[in-house]
Amino acid sequence: MANQQPVTSYYCCVPLGCQIEESIPNNALTVNNVVKVVCNNELCHEGQYMHKSCFDQWEEAVLTYLRSTGRARSWSEKQRLQNLWTKKGYDLAYKACGCKCGKGHLRKDLDWVALKNGNTTCNDDNGKKKRNRKKKNDKPVLTLNGAAPQKQAGIGVPMMRNRSSSMSSTGSGSPPGSADFTMSPTHGFGATKKPFFNDRRERHGSGNIFSRRHDYSSFNTLPRHKINSYHIKMEDEGSHGNDETRCFILSTLSASHVNRISCILCHNTMIIFDRYPLIDGTFFLSPRQHSKGCVPVKLDGRVQYLNAVCMSCLEGWNTNLRCRYCQNRWNGSDLILGSMYSYDIFAATPCCPERLKCNNCHRMVIMPDHRLQFFSDYSHSVACPNCGVIDFHFVKSLSTYNRRDRE
């Protein structure tokens, strides 16, 4: 019998389709390059490795499914991320983890440990003992707010407190507490002012088409009580700068060669930065293409559009929107700047019964006294109880607002 040739490379098995379109060399199986997954179909031959960037994008799609599923809708974004690949979360999200083999479901291999130099993997007891061995002179490390301090030049520097992500389906985060860092009322963001975020985060690996933010003075126009890390997204939710929301946005825009985006209201162009705050405004996903500058995104098997609204329009400085039916003003000043919402921010808070009507027969889909539980529920497709048409009935066109531009 002829000797079997050793495997020298692997194919990326990401179900969404590999973005890199390159095989994974055997000597590149490192935690920085590759994630190992397992299919529950024992006869699956589609592979078990993904490029790290491909896995991040696929994982974000699974998280999007989890956000609208069962009891996970009430979890915080941090809880969803922690529970996703454990039994608690995977039992809810496995339907979004279908393998390319068509007969199984993929799951991240939490037991896989890659050697730093690649070449092989280690799951044996010796490897685990070596990883967990402590030196005799090790001393306890002081932790602040549950996070261990990072060391720089021999000095322990405490990390900033992570806060709820704007990707949450509830659209709400925890209120700022005493641990929040707030800019002094006499100071704002300036080119020479030291930013109040951790500058040691790693740069996103999607390329260099995005700008590095050096001047934060654009936020000085905000009211002073909003110049803080609660109203402006400053910190990654993930460790080492691997925030899923940020990776999703930058990888999506990088694939479309987009490094600037226009506000859908005033059409002013905003620069996209590689770190939080990503823009001087906010991103949001919608099933409706509100303008030609929206970027199409395929999530959970359907197309959505990545839209953006600038800070001036959110605050009502550039453009003032009033409902054509009830004349109530749309207000986006409470939204977090610099991040992304996973639902249509215009549909999230219906101001009158007209916005609860069917797009086909114009009869009520739900009664005004019946409010949906989450902001994101108004961006989901539902069937009209009168005509039976399934549509995103609560996501209305911007033409349903009277628009007033300010010079």
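Me: Is H362 buried or exposed in this model?
Reply: This is a predicted model, where local features need pLDDT of at least 70, side-chain atom pairs count only at pLDDT 80 or more, and totals for chains, interfaces and linings use all residues. Residues are numbered from 1 along each chain as its sequence is written, and side-chain values use heavy atoms, leaving out hydrogens and water. With a 1.4 Å probe and protein chains only, buried means under 20% relative accessible area, exposed over 50%, and partly exposed in between. The relative accessible area of H362 is 55%, so this residue counts as exposed.

Me: Where is H362 found?
Reply: H362 has a positive phi, near 60 degrees, and is not a glycine. Strands here are DSSP runs (E, at least two residues), as are helices (H or I, at least four), both numbered from the N terminus. H362 is found in the loop between β14 (340-341) and β15 (382-383).

Me: What is the phi of H257, which is not a glycine?
Reply: H257 belongs to the loop between α5 (244-255) and β8 (260-262). With 70% relative accessibility, H257 counts as exposed. Most residues other than glycine have a negative phi. For H257, phi is positive, at about 55 degrees.

Me: Which peptide bond is cis, with omega near -10 degrees?
Reply: Most peptide bonds are trans. The cis bond is the one from Y276 to P277.

Me: Which are the edge strands of the open sheet of 3 strands?
Reply: Two strands pair if DSSP finds at least two bridges between them. The sheet has the order β4-β3-β5, with antiparallel pairing, and 3 bridges join β3 (residues 34-39) to β5. Within that pair, V37 stands opposite K108 in β5. The edge strands, each pairing on one side only, are β4 (49-51) and β5 (106-108).

Me: What is the volume of the largest cavity?
Reply: A cavity is a set of points on a 1 Å grid over the protein atoms alone where a 1.4 Å probe fits but cannot get out, and lining residues have an atom within 4 Å of a point. Points join across faces, edges and corners, and volume is the space filled by probe spheres set on them. The count comes to 3 cavities of 30 Å³ or more, and residues lining the largest include D344, F346, R355 and Y401. Its volume is about 60 Å³.

Key
1 Å grid on protein atoms, 1.4 Å probe; cavity = no way out; pocket = protein on both sides within 12 Å on 5 of 7 lines; lining within 4 Å.
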